[in-house]
Amino acid sequence: MMGLSSHWLADAAAGLANDMSDASFWMPTQASDQASRVDSLFDFILWLSVFFFVVLMAATVRFAWKYRQKSPNQRTSPVKHNFKIEFLWSAVPTVLLVVIFAWGFNDFTALSATPSNALNLRVVAKQWAWTVSYPQLDRECTPTIDPVSGTQATTFYLPANQPFTVQLSSDDVLHSFWIPAFRVKKDAVPNRYTGFTVTPTVPGSYHLFCAEYCGTNHSRMEGTVEVLNAEDWAKFLSKEDERCKLDLKAPNYGEKLFAKYGCAGCHSVTEDRATVVGPGLYGLPGREESTSAGKVVADDDYLRESIVYASKKIVSGFEGKQMPSFEGRLSEQEIGALIDYIKGLDGHENDGGPTNDDKNE
Ligand code: HEC
Ligand SMILES: [Cu+2]
């Protein structure tokens with residue numbers, strides 16, 4: 001148990017009242033595999049700073065006293081340079097900074113590695129709410145609006161001890177997806193995908209915030225992450241479960257959009273990669289593509305750009321041909337569904353692909 005005063009302070013500082021049960025003075029509950037890593041580095045930097053603060057202040061006070069002016073006619077002796085001390089005060093901080101950098105970089109890369117059993121979430125930020133969908137499960141968690149405060153809160157669900165990957169995008173301005181108990185925070189940037197992978201470890205209910213000022217109701221852009229044990233997660237997955245409505249547009253939403261927007265009239269989707277008007281899209285994701293802007297790997301960002309801003313990178317061999325601009329015509333969810341569809345053409349598992357039993361266990 002914590003002291004009364006530190007408990008009050010921590011609550012007040014972070015507004016995390018119900019995350020605080022086993023929190024430390026500085027930090028909320030550790031509820032992911034990333035949390036202890038982040039906290040260790042935080043503690044290391046904190047205690048390192050405390051150590052040098054004490055050493056430096058003690059030396060300052062001692063020297064100020066020892067070398068004080070003892071009589072009015074005492075003169076300062078000339079200060080000469082001292083190689084040993086100068087070397088030390090450069091080398092020691094350099095080594096410490098490199099250690100901090102390597103440590104932080106290591107933790108940062110851990111956030112970027114996506115294991116194949118990860119549950120994939122697509123998170124779209126929009127002034128002033130989050131929409132969280134599960135392309136593998138055909139489910140979508142939408143915000144509920146409090147008519148009095150204007151708070152738009154989204155509750156979504158995760159299984160404990162299974163990694164999940166978030167692919168973030170924004171329909172308007174910069175937002176930032178922040179779950180303090182997981183120690184993860186990532187900006188949602190318009191016209192680009194960002195993301196991370198992390199594993200929740202403790203069943204419970206945790207806060208989600210927007211951590212980037214995004215306009216009037218920024219502080220009311222909230223949510224709750226419910227981390228479920230295996231039994232409750234199985235319940236959530238059952239068809240009868242009412243939490244996060246089954247996405248009625250699914251299945252085959254991407255394929256339907258592909259027909260609806262006329263993509264099918266210009267692009268073949270069969271293995272022969274036949275050219276209709278534009279290039280065949282089979283096998284494109286992950287491949288290296290020659291374009292007017294040089295060679296690029298066809299990742300989600302490239303696919304996104306090819307669909308929304310087709311003229312930015314023209315595929316080699318298609319210089320004279322025009323793909324119509326879809327700028328402003330597709331919602332983030334539609335773009336995501338189209339990308340999932342293209343990625344699923346070769347039947348490979350992918351982050352938007354169909355539900356797969358191995359993936360949801
Ligand atoms: C009028 C014909 C036409 C329509 C409609 C069209 N495209 Fe295209 N598309 C093209 C052409 C031509 C290119 C090649 C030139 C370029 O890169 O802009 C292309 C390029 C692409 C690329 C990049 C392909 C590569 O090999 O790198 C993707 C992805 C793509 N289109 C997806 C779509 C999607 C999704 C839609 C529907 C929302 C769509 N296209 C609608 C003609 C079309
Ligand atoms: Cu926001």
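**Figure 1. Overview of the protein chain.** Eight helices and 13 strands make up the protein chain, which is shown here as a predicted model. Of its 361 residues, 28% count as buried. Among the contacts between residues at least 6 apart in sequence, 62% join residues at least 24 apart.

**Figure 2. The open sheet of six strands.** The strands of this open sheet follow the order E4-E5-E11-E10-E7-E8, and their pairing is mixed. Strand E4 (144–145) and strand E8 (184–188) are the edge strands, each of which pairs on one side only.

**Figure 3. The largest nonpolar core.** This core holds 34 residues, of which Val123, Trp130, Val166 and Val225 touch the most other members. Two or more residues of the core are given by each of several strands, including strand E1 (119–126), strand E2 (129–134), strand E5 (152–159) and strand E6 (164–170); strand E7 (175–179), strand E9 (194–198), strand E10 (204–210) and strand E11 (221–228) likewise give two or more. In soluble globular proteins, nonpolar side chains tend to be buried together.

Figure 4. When residues up to four places away in sequence are left out of account, Trp130 touches Val123, Ala125, Pro143, Thr154, Leu208, Met221 and Gly223.

**Figure 5. The hairpin of E12 and E13.** Strand E12 (residues 288–291) and strand E13 (residues 294–297) run antiparallel and are joined by four bridges. Together E12 and E13 form a hairpin, with two residues between them. Within this pairing, Glu288 stands opposite Val297 in E13.

**Figure 6. The shell around ligand 1.** There are 25 residues around ligand 1, and those that come nearest are Cys263, Cys266, Gly278, Lys321 and Met323. By residue class, the shell divides into 18 nonpolar, five polar and two charged residues. Helix H6 (residues 300–308) supplies the largest share of the shell around ligand 1, namely three residues.

Conventions. Residues are numbered from 1 along each chain as its sequence is written. Chains are lettered from A and ligands numbered from 1 in the order in which they are written. This is a predicted model: local features need pLDDT of at least 70, side-chain atom pairs count only at pLDDT 80 or more; totals for chains, interfaces and linings use all residues. A residue is buried if 20 or more other C-beta atoms lie within 10 Å of its own, exposed if 12 or fewer, and partly exposed in between; C-beta atoms are placed from the backbone. Two residues are in contact if their C-beta atoms, placed from the backbone, lie within 7 Å. Two strands pair if DSSP finds at least two bridges between them. A residue is near a molecule or strand if its C-beta atom, placed from the backbone, lies within 6 Å of it. Ala, Val, Leu, Ile, Met, Phe, Trp, Tyr, Cys and Pro count as nonpolar, Asp, Glu, Lys and Arg as charged, and the others, Gly among them, as polar. A nonpolar core is a set of buried Ala, Val, Leu, Ile, Met, Phe, Trp, Tyr and Cys residues joined through C-beta atoms within 7 Å.
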